[in-house]
Structures are given as structure tokens and as C-alpha cells.
Amino acid sequence: MNKATNRHDVVIVGAGAAGLNAALLLGRARRRVAVIDAGEPRNAPAAHMRGFLSRDGLPPAELLELGRAEIARYGVQLVRSRVERIDHGFTVRLADGQVLDARRILVATGLRDELPGIPGIRERWGRDVLQCPYCHGYEVRDLPLAVLGTHPGAVHQALLLRQWSDDVLFLRHTLDLAAEDRERLECHGVRVVEGTVARLAVEGDRLRGIELADGRAIPRAAAFLFPRMVPRDGLLTGLGCASEDGWIVTDRTGRTSVSGVWAAGNVVDPRAQVITAAGMGSAAAFAINGDLMEEDVRLSVERHRLQDALSTERHALEGEGR
């Protein structure tokens, strides 16, 4: 393919809510946009998406399908591939050998959840082993719940879950629980259970309980845990974007420390739900289009001034030749 035909105003890496919403707005702004989709959405294990106005309960895959159809109407190019690297400039090199040139870059590659190595966790993840009370709490309301002490954030999870159920157990597992946190849990109606979690008890494709290393079996209908969230930010760090506490630093529009590079969604904010990520993509698109417009205007002025200078010089030469 001719390299000139692969010149884009914006290349968006990542085709989740943030990337697709940015592409939608930029496509409607008549920008030449390519979205690179590696096909690895974080919420793929979940059957339904919650908390998104007008889309509550929609399967995540269906949202992405609708989004891909919408951006296609505005001429946005969707490329099914993986970005190997982005060179300064910006040259985007894909795993299938394609090379795209871009004036601006938006990275919306999300994050990955690192789960504890407890047998059964990965198989039940997104089904009845859950993370976000706001995303799943209502669906397991009034059921016997457990929170696994695999991360300091689990304490907040357990306290929050009391809004959905009166029967919440905190399985301390390997977490070093501070006396103050233990007091807060127990005073708020969350019983702390000592012992290491050995495995999940699953029967009939449903979680039935949690088995501890000492042989105890605790009946539970759903379990919550706080995974270690790792941003997929290799492309951003490769470009030299500044980070703080393990996350790329951006302003409120998603602009990074590297000129021409934006980031949106879970790659920079682990707390962003789907609707939040879509909004971040929208904010980034507005900023990117404005930045491109300023460059377009500057180039127009430079061309105009050059044409004026050449015209003045030509007239001067013609005058000398008389």
C-alpha cells in the first residue's frame, strides 16, 4: 500500500469505549482517522454492562459492535491488528506489517487485571467473582457475599458492599489487616474470617462457596476481589510520556507530556467505568481536533505569507526587467 495513503490526522490505538467515542467525534469533524483494534477488551468476561445511561444491561460486545458501525458511517478506518511500536513523528508500526503515519496519537489501550492464583478465580471472573460493586452489586443484592483480602483496596470494597447485602464476610486471606480497618469492618457489620483461601467451590456452573486451607467451607453466592490493575501503557512509555506512581500523567483532556500524544480510559485511570472512559475519549477528541485546527491555521498563514513574499519578489523582478 502506498505510504502516502496511510497518512492520518489521528491514529487511535484501542477500540474500547474511549477509543471508539473519540473516533466518532473526530470522524464527524471530518478528520482522517484510523482505529487500531487488537480485540482484547478488558470487560470481555462480563455478560452485561451496567451504569451506562440508555445502555444499562447491554452486553459489552454489543456496545463495541454498535460503536464500530457508527464510526464506519463517518469514514473512520478500523484496522484489526496490534501496534508494535510508535516512532516519534508519528509512524505507527503494526504487527501485520502495515505502517501508518499520523499527525496526532490517542492511546486508549486500557489495562489488564492481574488475578490471584487461587483455583477457580480466573474461570469465574466477571461471572460470580467480581470487582466493582457499582457494576455488579445490584445483581447480587441481598445474597451472601465474600470479599477476598488480596489487596488493600478490598477493605473499601467490603464496606461499600454493605449497601447491597447484610451478609458480607471479609476473608482476610493474606492481607495484613490493620487494627483500625478491622474495627471499621466489624462495626459496619462485616465479619472478618481468618484463614487462607484455598479454592472456590463451584457446582452446576455456579459459585457455591469458598474453601479455606484448614478445610472449612463457607457458603457464598458471589465473591469480590480487588485485582492488581496494570496499565497497558508500553506505547506511551516508549514515546517518553511522563508517569507518576505507575500511571501516565495527563491533563483533563488526556494530553500527555509528549506533544501530539493523548491518552484516555483505563490506561490512565483505573477507576474509569465504561461511561467514564467514553467521556474521556470525547474530551480527548475535542482537544485533538482543536490542536489540529491550530496547526492547520498556522500552516495556512505560513503558506499565505510565502505566497505574498513570492508575489512581491516576482513583481520586483518584473519591474527590474523593464
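Mentor: Let us begin with contact, which means heavy atoms within 4.5 Å. This is a predicted model, in which local features need pLDDT of at least 70 and side-chain atom pairs count only at pLDDT 80 or more, whereas totals for chains, interfaces and linings use all residues. Residues are numbered from 1 along each chain as its sequence is written, and side-chain values use heavy atoms, with hydrogens and water left out.

Trainee: What does Ile-12 touch, not counting residues up to four places away in sequence?

Mentor: By that contact rule, Ile-12 touches Gly-19, Ala-22, Ala-23, Leu-26, Val-33, Ala-34, Val-35, Ile-36 and Leu-106.

Trainee: What makes a group of residues a nonpolar core?

Mentor: A nonpolar core is a set of buried Ala, Val, Leu, Ile, Met, Phe, Trp, Tyr and Cys residues joined through side-chain atoms within 4.5 Å, where buried means under 20% relative accessible area, exposed over 50% and partly exposed in between, with a 1.4 Å probe and protein chains only. The largest such core has 26 residues, and Ile-12, Val-33, Val-35 and Leu-106 have the most contacts inside it. At least two of its residues come from each of strand S1 (7–13), helix H1 (17–28), strand S2 (33–37), helix H2 (60–72) and helix H8 (274–320). Another core, of 24 residues, lies apart from it and includes Ile-36, Ala-102, Ile-105 and Val-268.

Trainee: Why is helix H5 (residues 154–161) called largely enclosed?

Mentor: Helices (H or I, at least four residues) and strands (E, at least two) are DSSP runs, numbered from the N terminus. Seven of the eight residues of H5 are buried, so this helix is largely enclosed by the rest of the structure. Those buried residues are Ala-154, Val-155, Gln-157, Ala-158, Leu-159, Leu-160 and Leu-161.

Trainee: How does the radius of gyration of the protein chain stand against the globule rule?

Mentor: The radius is taken over C-alpha atoms, and the rule is 2.2 Å times the number of residues to the power 0.38. A compact globule of 322 residues would have a radius near 20 Å, but the protein chain has 26 Å. Its C-alpha trace spans about 105 × 40 × 35 Å along its principal axes.
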